[in-house]
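I opened this notebook to record what I looked up in the structure, one topic per entry. The structure itself is placed first, and my notes follow.

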Amino acid sequence: MRPVRTIATTGHRALPHGAEWHIRAGVREIAGQHPGAVWLSGGAIGADTIVVDALLERDERVELVLPFDPLIQSARWTWDQKWTQMGHLLTVADVHVLTDHYDPAAYNKRNQWMVDRADLLVAFWNGHLRGSGTANTVRMADRAGLPVIWFPMR
């Protein structure tokens, strides 16, 4: 197995009760196994922002991979989420913006971008094969032969 230098993450926006603790424990476990890795996150509310917060608490290097401009990505977020999540993330992480306009296809392009650059995918996922960007990202990783570590969200 090649060294893990870059870890992509994916996870659900809507999370079951207790998921935050589970996500933070997963981040501690994987970060402990791969010190110094660069972590890629899609920057969405839910698992993505919890992962980033947990990584920043550990002083890990995080890169946000946004499908489009941050103002567009956070357009449906609450004011508090925009301020505390996106505003904070933009000041503490390197940011890659894939397009400057809204395009629903940009979500898949973002996920593929992360899979193409990663040595490992960490998925905080309920295991359902349809209907989520997380499932699509896991399938992309499988097709690319990218190792996936799955933390079940149930």
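**Entry 1. The chain as a whole.**
I began with burial: of the 154 residues of the protein chain, 48% count as buried. I note for every entry below that this is a predicted model. I then looked at the secondary structure and found six helices and six strands in the protein chain. Read along the sequence, these elements follow the pattern β-α-β-α-β-α-α-β-α-β-α-β. The radius of gyration is 14 Å, close to the 15 Å that the globule rule gives for 154 residues, so the protein chain is as compact as a globular protein of that length.

Among contacts between residues at least 6 apart in sequence, 78% join residues at least 24 apart. The protein chain exposes about 8,100 Å². Carbon and sulfur atoms supply 53% of that area.

**Entry 2. Helix α1.**
I checked the length of helix α1, which covers residues 19-33. At 1.5 Å a residue, its 15 residues should span 21 Å, and the end C-alpha atoms are 21 Å apart, which agrees. I then listed the buried residues of α1, which are A19, I23, R24, G26, V27, I30 and A31. Seen down the axis of α1, these buried residues fall within an arc of 160 degrees, so they line one face of the helix. I also asked what covers the buried residues of α1. The cover includes the strands β1 (6-11), β2 (38-41), β5 (120-125) and β6 (148-152), together with helix α2 (47-57).

**Entry 3. Strand β2 and its neighbours.**
I turned to β2 and recorded which way its residues point. V38 and L40 point one way from the strand, W39 and S41 point the other way, and all are buried.

I looked up the pairing on both sides. Three bridges join β1 to β2, and these strands run parallel. In this pairing, A8 has L40 of β2 as its bridge partner. β2 and β3 also pair in the parallel sense, over four bridges. Here S41 stands opposite L64 in β3. As for β3 (residues 61-66), five of its six residues are buried, so the strand is largely enclosed by the rest of the structure.

**Entry 4. S41.**
I examined S41, which lies in strand β2. Is S41 buried or exposed? Its relative accessible area is 2%, and the cut-off for buried is under 20%, so S41 counts as buried. Not counting residues up to four places away in sequence, S41 touches T9, D48, V52, E63, L64, V65 and M114.

**Entry 5. L98.**
I located L98 in the loop between β4 (94-97) and α5. L98 is partly exposed, with a relative accessible area of 33%. Leaving aside residues up to four places away in sequence, L98 touches V65, L66, P67, K109, R110 and W113. I also took one distance: L98 and E29 are 69 residues apart in sequence and 30 Å apart in space, C-alpha to C-alpha.

**Entry 6. Helix α6 and G133.**
I repeated the length check on helix α6 (residues 133-144). Its 12 residues reach 16 Å from the first C-alpha to the last, close to the 16 Å expected at 1.5 Å a residue. The buried residues in α6 are T134, A135, T137, V138, M140 and A141. What covers them includes β1, α5 (105-117), β5 and β6. Just after α6, I noted that G145 takes a positive phi of about 75 degrees.

Within helix α6 I looked up G133. At 35% relative accessibility, G133 counts as partly exposed. Not counting residues up to four places away in sequence, G133 touches T10 and N111. The C-alpha atoms of G133 and A123, which are 10 residues apart along the chain, are separated by 11 Å.

Terms used
Residues numbered from 1 in each chain as written. Predicted model: local features only at pLDDT ≥ 70, side-chain atom pairs only at ≥ 80, totals over all residues. Heavy atoms only, no water. Helix = DSSP H or I, 4+ residues; strand = E, 2+ residues; numbered from the N terminus. Expected span 1.5 Å × (residues − 1). Buried < 20%, exposed > 50% of the residue type's maximum accessible area, 1.4 Å probe, protein only. Arc of directions from axis to C-beta. Contact = heavy atoms within 4.5 Å. Rg over C-alpha atoms; globule rule 2.2 N^0.38 Å. Areas by Shrake-Rupley, 256 points an atom, 1.4 Å probe, with all protein chains shown as cover. Pairing = 2+ DSSP bridges.
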